Amino acid sequence: QVQLVESGGGLVQPGGSLRLSCAASRSIFGIYNVGWYRQAPGKQQRELVAVVSSGGSTNYADSVKGRFTISMDNAKNTVYLQMNSLKPEDTAVYYCNLRIIRSGVDYWGKGTLVTVSS
């Protein structure tokens, strides 16, 4: 079992920045992906925002390219999401997801709320 804990959410003005953290309870071995998803108010589905693989490759949703950066610190078992130039439409609960490729098992954090408002 792996527990994921997100932190770093909060209230920020449009144009501002936040850095989210996703800390895993232990080191992960093998091939895996860690992704940040978000669920906007009133929406039922979660949207994939950014993903980083155990090999270091990254991918982003078109809506955040050039503004968000995902990174991984293996020594700290932590994945970060640096969010710059935030817009009101970025307001959502942000969730961290760990997918173990070989087993297909998914782990989720409980989420952290990001509110972009003046």
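In which loop does serine 63 lie? Serine 63 belongs to the loop between strand E6 (58–60) and E7, where strands (E, at least two residues) and helices (H or I, at least four) are DSSP runs numbered from the N terminus. The model is a predicted one, in which local features need pLDDT of at least 70 and side-chain atom pairs count only at pLDDT 80 or more, while totals for chains, interfaces and linings use all residues. Residues are numbered from 1 along each chain as its sequence is written, and side-chain values use heavy atoms, with hydrogens and water left out.

Serine 63 counts as partly exposed because its relative accessibility is 36%; buried means under 20% relative accessible area, exposed over 50%, and partly exposed in between (1.4 Å probe, protein chains only). Not counting residues up to four places away in sequence, serine 63 touches Arg38 and Glu47, contact being defined as heavy atoms within 4.5 Å. The C-alpha atoms of serine 63 and leucine 86 are separated by 11 Å, the two residues being 23 residues apart along the chain.

**The four-stranded sheet**

An open sheet is formed by four strands in the order E1-E3-E8-E7, with antiparallel pairing; two strands pair if DSSP finds at least two bridges between them. Its edge strands are strand E1 (4–7) and strand E7 (68–73), each of which pairs on one side only. On average, neighbouring strands of this sheet are turned by 15° against each other, direction ignored; the axes are lines fitted to C-alpha atoms, for helices over the stretch in contact, and angles run from 0 to 180 degrees between N-to-C directions.

E1 and E3 are joined in the antiparallel sense over four bridges, and glutamate 6 stands opposite cysteine 22 in E3. Serine 21 also lies in strand E3 (residues 18–24). With a relative accessibility of 15%, serine 21 counts as buried. Apart from its neighbours within four places in sequence, the contacts of serine 21 include Glu6, Trp36 and Tyr80.

E4 is mostly covered, with seven of its eight residues buried. E4 pairs with E9 in the antiparallel sense over eight bridges, and asparagine 33 stands opposite arginine 99 in E9. E4 also pairs with E5, again in the antiparallel sense, over six bridges. Within E5, tyrosine 37 has leucine 48 as its bridge partner, and glycine 35 stands opposite valine 51.

E5 is largely enclosed by the rest of the structure, because five of its seven residues are buried. E5 and E6 pair in the antiparallel sense over three bridges, and valine 52 has threonine 58 in E6 as its bridge partner. These two strands form a hairpin with four residues between them, and glycine 56 in the turn has a positive phi of about 100°.

**The largest nonpolar core**

The largest nonpolar core has 30 residues, and those touching the most other members are Leu4, Trp36, Phe68, Leu81, Met83, Tyr94 and Leu98. Such a core is a set of buried Ala, Val, Leu, Ile, Met, Phe, Trp, Tyr and Cys residues joined through side-chain atoms within 4.5 Å. Among the strands that each supply at least two residues of this core are strand E4 (32–39), strand E5 (47–53), strand E8 (78–83) and strand E11 (112–116). E9 gives the most to this core, with five residues.

Leucine 4, leaving aside its neighbours within four places in sequence, has contacts that include Cys22, Cys96, Leu98 and Trp108.

**Arginine 46 over two rings**

Arginine 46 lies over the faces of two aromatic residues, as tabulated below. A charge sits over a ring if NZ of Lys or CZ of Arg is within 6 Å of the ring centre and within 35 degrees of the ring normal.

| Charged residue | Ring | Distance from ring centre |
|---|---|---|
| Arginine 46 | Tyrosine 95 | 3.6 Å |
| Arginine 46 | Tryptophan 108 | 4.7 Å |

**Positive phi in two loops**

Most residues other than glycine have a negative phi. Asparagine 77, although not a glycine, has a positive phi of about 55°. Asparagine 77 is found in the loop between E7 and E8 and is partly exposed, with a relative accessible area of 23%. Serine 85, likewise a residue other than glycine, has a positive phi near 50°. Serine 85 lies in the loop between E8 and E9 and is partly exposed, its relative accessible area being 41%.
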